[in-house]
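Please look at the sequence and the model shown here. The text after them goes through selected parts in turn.

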Amino acid sequence: MNFLVFLSFSVLISITLAFLVAHYVKTKHKNKKKIPPGQLGLPWIGETIDFYRAQRNNKLHEEFVQPRIQKYGHTFKTRLMGSNTVVVNGAEANKFFMSNEFKLVISSWPSSSVQLMGEHSIMEKQGEAHRCLRGIVATSLNSSGLEALVPKICKTIEVHLKKYWDSGEETISLFSTAKVLTFTIVLECLFGIEVENGMLESFEKVLEGVFATPVNFPGSKFSKAKKARKEIENMLVDVVRKKRNEMENKQGIGEEEEEEEGILLSKLVAALIRGEINELEVVDNVVLLVFAAHDTTSFAIAMVFRMLADHPNCYSKLLEEHNEIMSSKRDDENLIYEDTKKMMYTWQVTRESMRIFPPIFGSFRKAIDDIEYDGFTIPRGWKPIQPYVYVPFGGGPRLCAGYQLAKLNILIFVHYVVTQYDWSLVIPDEPIISEPLPFPSKGMPIKISPKLK
Ligand code: HEM
């Protein structure tokens with residue numbers, strides 16, 4: 001009997017031990033993730049200071065990324081602003097992360113950006129909600145929407161040139177004036193909202209806080225930005241309600257719900273009336289689109305002119321393209337959408353200038369699962385960053401929604417300027433600073449004069 005008890009006890013102990021060993025081996029294996037090499041540095045701060053220093057000098061690749069690639073390889077870890085981060089590099093990395101949006105990664109912007117752009121904006125939407133909103137935005141940016149936008153953009157550029165380029169001043173700031181132009185094109189041409197005094201200043205105040213530390217004490221960049229955001233929100237709520245009333249009244253008298261071609265506000269309000277989105281979603285997305293377009297397009301414009309100044313042979317070739325388009329038109333005849341398709345060389349110059357001076361340095365993403373990549377594990381919750389050097393408009397489901405509008409804005413503006421004005425850079429090697437969005441440190445002054453006919 002005693003022997004039987006002893007035997008059963010031994011068998012039980014052996015099974016338990018075997019189970020524990022198996023569990024230990026399995027857990028050990030599971031926990032033995034191969035985290036990418038690199039330095040996490042001090043708690044919270046990590047390598048943030050080095051990162052910002054390199055970024056401010058617009059030398060993120062040369063001073064931060066490249067030395068670490070040499071030391072650790074193409075995939076390395078770091079810690080930025082409290083987040084464990086993995087920097088991934090190269091075309092494969094772009095392909096992998098862009099095609100795994102919503103599956104392995106989701107966008108994860110800094111808290112200040114989310115608070116200022118709005119929690120309901122497209123950049124905060126995931127999966128189906130994102131797809132639905134993108135569908136609405138895309139209706140104004142498809143080819144018939146774009147076709148309708150071209151005459152409006154031409155008109156806006158003509159008015160802009162008269163005001164800033166024909167003002168009698170010999171020198172103007174190309175970057176600052178391009179910002180006014182981009183703002184007007186997005187607000188008036190895309191949304192159909194008239195720009196009023198003080199609006200641009202309020203939007204710019206918000207933009208100044210988008211990457212600031214989210215501390216809301218009086219006088220801080222962030223609190224000023226929050227205040228400006230509230231003013232913009234109030235203004236936009238009035239605009240949206242007015243539009244809704246107009247559209248509902250038209251429906252009430254038996255007319256088709258009016259959705260003007262290319263006017264994004266009417267598409268968003270139509271979706272609001274249909275109950276697909278709510279009022280806050282309309283407001284947050286107007287704000288987001290203005291910001292998404294603002295510094296990016298203006299910086300791209302400025303850098304095209306920098307490229308042309310640096311490469312006179314490219315400028316001559318580009319000029320030929322525009323003179324040829326002009327020669328096929330009467331003096332009073334405006335550009336049409338088809339003309340912009342002929343500006344292929346100008347677009348190549350633009351793409352090359354965005355490769356050298358990318359308007360957006362990279363993406364903000366968060367791993368929603370452990371990710372096996374390049375022989376390493378990127379643990380859930382860590383942030384993969386991929387520099388957007390060769391993909392200025394991103395890719396995958398979050399490919400820039402305004403890519404075609406940015407293209408029209410740049411091409412048409414370049415057309416008007418190079419065919420009507422002589423210009424030269426005042427500071428040919430003006431430093432570019434990033435905070436974290438890049439800008440020419442002196443606003444890119446240029447000397448201008450009307451072309452002699
Ligand atoms: C040269 C100008 C521009 C550049 C370089 C640019 C670049 C980008 C990039 C890289 C992304 C992807 C961000 C990410 O992966 O998280 C993006 C997204 C976006 N862009 Fe642009 N952009 C430009 C102009 C515009 C314009 C003019 C608009 C609209 C008026 C616009 C609207 C958007 C929107 C709505 C998104 C978010 C898309 C989404 O999350 O589905 N962008 N842009």
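This is a predicted model: local features need pLDDT of at least 70, side-chain atom pairs count only at pLDDT 80 or more; totals for chains, interfaces and linings use all residues.

Residues are numbered from 1 along each chain as its sequence is written. Helices (H or I, at least four residues) and strands (E, at least two) are DSSP runs, numbered from the N terminus.

Start at the ligand. There are 25 residues around it, and Ala292, Ala293, Gly394, Cys400 and Gly402 come nearest; a residue counts as near if its C-beta atom, placed from the backbone, lies within 6 Å of the molecule. Helix H8 (174–190), helix H12 (279–310) and helix H16 (403–420) are the elements that give two or more residues to this shell. H12 gives the most, with six residues. By class, the shell has 17 nonpolar, six polar and two charged residues. Here Ala, Val, Leu, Ile, Met, Phe, Trp, Tyr, Cys and Pro count as nonpolar, Asp, Glu, Lys and Arg as charged, and the others, Gly among them, as polar.

Next come the helix pairs. Two packed helices are described by the angle between their axes and the distance between the axes. Axes are lines fitted to C-alpha atoms, for helices over the stretch in contact, and angles run from 0 to 180 degrees between N-to-C directions. H12 and H16 pack at about 35°, with their axes 10 Å apart. On H12 the contact is made by Ala293, Thr296, Thr297, Ala300, Ile301 and Val304, and on H16 by Ala406, Asn409, Ile410, Phe413 and Val414; two residues are in contact if their C-beta atoms, placed from the backbone, lie within 7 Å. This contact of H12 with H16 has eight nonpolar, three polar and no charged residues.

Helix H13 (residues 312–327) and helix H15 (residues 344–356) pack at an angle of about 145°, and their axes are 8 Å apart. Cys314, Lys317, Leu318 and Glu321 of H13 meet Tyr345, Thr346 and Val349 of H15. The residues of the contact of H13 with H15 comprise four nonpolar, one polar and two charged.

Helix H11 (residues 264–273) is mostly covered, with nine of its ten residues buried. A residue is buried if 20 or more other C-beta atoms lie within 10 Å of its own, with C-beta atoms placed from the backbone. Among the buried residues of H11 are Leu264, Lys267 and Leu272. Just after H11, Gly275 takes a positive phi of about 80°.

The strands remain. Strands of a sheet pair through backbone hydrogen bonds, either parallel or antiparallel. Two strands pair if DSSP finds at least two bridges between them. An open sheet of three strands has the order S4-S12-S9, with antiparallel pairing. Its edge strands, strand S4 (171–173) and strand S9 (421–425), each pair on one side only. S4 and strand S12 (residues 445–450) are joined over three bridges in the antiparallel sense, and Pro445 in S12 is the bridge partner of Ser173.

Elsewhere, strand S1 (residues 76–80) and strand S2 (residues 83–87) pair in the antiparallel sense over five bridges. Their hairpin has two residues between the strands, and there Met81 takes a positive phi near 45°. Lys77 has Val86 in S2 as its bridge partner. S2 also pairs with strand S8 (residues 383–385), in the parallel sense over three bridges, where the partner of Val86 is Pro384.

Conventions: A residue is buried if 20 or more other C-beta atoms lie within 10 Å of its own, exposed if 12 or fewer, and partly exposed in between; C-beta atoms are placed from the backbone.
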